[in-house]
Amino acid sequence: MLDTGIFEDDRYFDVFVEYAKAGPEDVLMRVTVHNRGPEVATIHLLPQLWFRNTWSWKPDAEKPRLSLGKSGTVSAQHPELGDHTLSCDGKPELLFCDNETNGRRLYGEADAQGFFKDGFDEYVVHGNQAAVNSKRTGTKAGALYKLTIPAGGSTSVRLRLGKSTSAKPFADFDAVFATRLREADEFYEALQADNANADARNVQRQAFAGMIWSKQFFYYDIGE
């Protein structure tokens with residue numbers, strides 16, 4: 001990739017996504033974007049929240065709902081998971097569509113109606129404002145941040161998903177993150193006590209974290 005020249009003058013963004021929990025159902029998300037290049041540059045950042053689509057293939061399944069909440073939040077309502085709120089720091093543009101396949105594009109179904117899951121691409125990249133739901137409701141939501149970052153600088157965006165409806169969801173955000181980072185350092189320090197090589201510890205820590213993070217849930221309904 002380096003031979004192609006696309007990284008000349010370090011003209012690229014580094015995007016770091018970090019998660020921390022304040023409680024079992026209180027998830028904090030921090031996205032930090034670094035502009036490694038020599039000039040000021042703009043990036044469109046779109047953190048997203050959506051429901052896994054079970055309503056399209058399960059008979060009589062109740063459809064969950066995402067909608068615009070109070071003070072620029074996203075209200076999430078699910079028949080089994082309950083109600084949650086996604087708080088977005090700053091004033092991003094909140095976009096809504098459905099986590100549904102675009103039958104028009106994929107299957108040639110000319111009469112397929114709806115706001116499909118490729119709506120964000122249509123809106124952000126192609127400028128098609130009709131691709132997202134103007135009523136601000138759906139099963140997939142995105143917080144669109146247009147960030148202008150100075151050369152060699154960085155910008156962070158904070159989001160929080162939980163059952164709390166606090167008027168100040170970010171009041172303890174940085175403190176919670178600092179605590180979780182310290183706890184993670186203590187955990188790995190004990191785990192790697194017999195490894196004196198700092199570089200090797202860093203590689204091993206990333207490998208361990210990757211093994212934990214990549215654990216996935218596969219839903220297989222035997223009865224169905």
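**Notes on the predicted model: rings, charges and a surface patch**

1. Start with Arg-30: its charged end sits over the ring of Phe-177, 4.2 Å from the centre. The term applies when NZ of Lys or CZ of Arg is within 6 Å of the ring centre and within 35 degrees of the ring normal. Lys-140 likewise lies over the face of Trp-50, at 6.0 Å from the ring centre.

2. A word on where this comes from. The model is predicted, so local features need pLDDT of at least 70 and side-chain atom pairs count only at pLDDT 80 or more, while totals for chains, interfaces and linings use all residues. Numbering runs from 1 along each chain as its sequence is written, and side-chain values use heavy atoms, with hydrogens and water left out.

3. Back to Phe-177, which belongs to one aromatic cluster with Phe-170 and Phe-173. The structure holds 4 aromatic pairs; rings of Phe, Tyr and Trp (its six-membered ring) pair if their centres lie within 6.5 Å, with planes under 30 degrees apart counted as stacked, over 60 as edge-to-face and the rest as tilted. One of these is Phe-170 with Phe-173, a tilted pair at 5.7 Å centre to centre and 50 degrees between the planes. Both Phe-170 and Phe-173 are buried (buried is under 20% relative accessible area, exposed over 50%, partly exposed in between; 1.4 Å probe, protein chains only).

4. How do Phe-187 and Tyr-188 pair? Their planes stand at 85 degrees with the ring centres 5.0 Å apart, so the pair is edge-to-face. Tyr-188 counts as buried because its relative accessibility is 9%.

5. Met-1 falls in the segment before β1 (13–23) and counts as exposed because its relative accessibility is 69%. Met-1, Leu-2, Ile-6 and Phe-7 make up a nonpolar surface patch, with about 470 Å² of accessible area together. Patch members have over 30% relative accessible area and no salt bridge; like charges are joined within 9 Å, nonpolar side chains (Val, Leu, Ile, Met, Phe, Trp, Tyr) within 5 Å. A salt bridge here is a side-chain nitrogen of Lys or Arg within 4 Å of a carboxyl oxygen of Asp or Glu.

6. Finally, the whole chain. There are 4 helices and 11 strands, taken as DSSP runs (H or I, at least four residues; E, at least two) and numbered from the N terminus. Of the 224 residues, 33% count as buried. The C-alpha atoms fill a box of roughly 60 × 45 × 40 Å along the principal axes.

Key
Accessible areas come from the Shrake-Rupley method with a 1.4 Å probe; for residues, only the protein chains shown count as cover.
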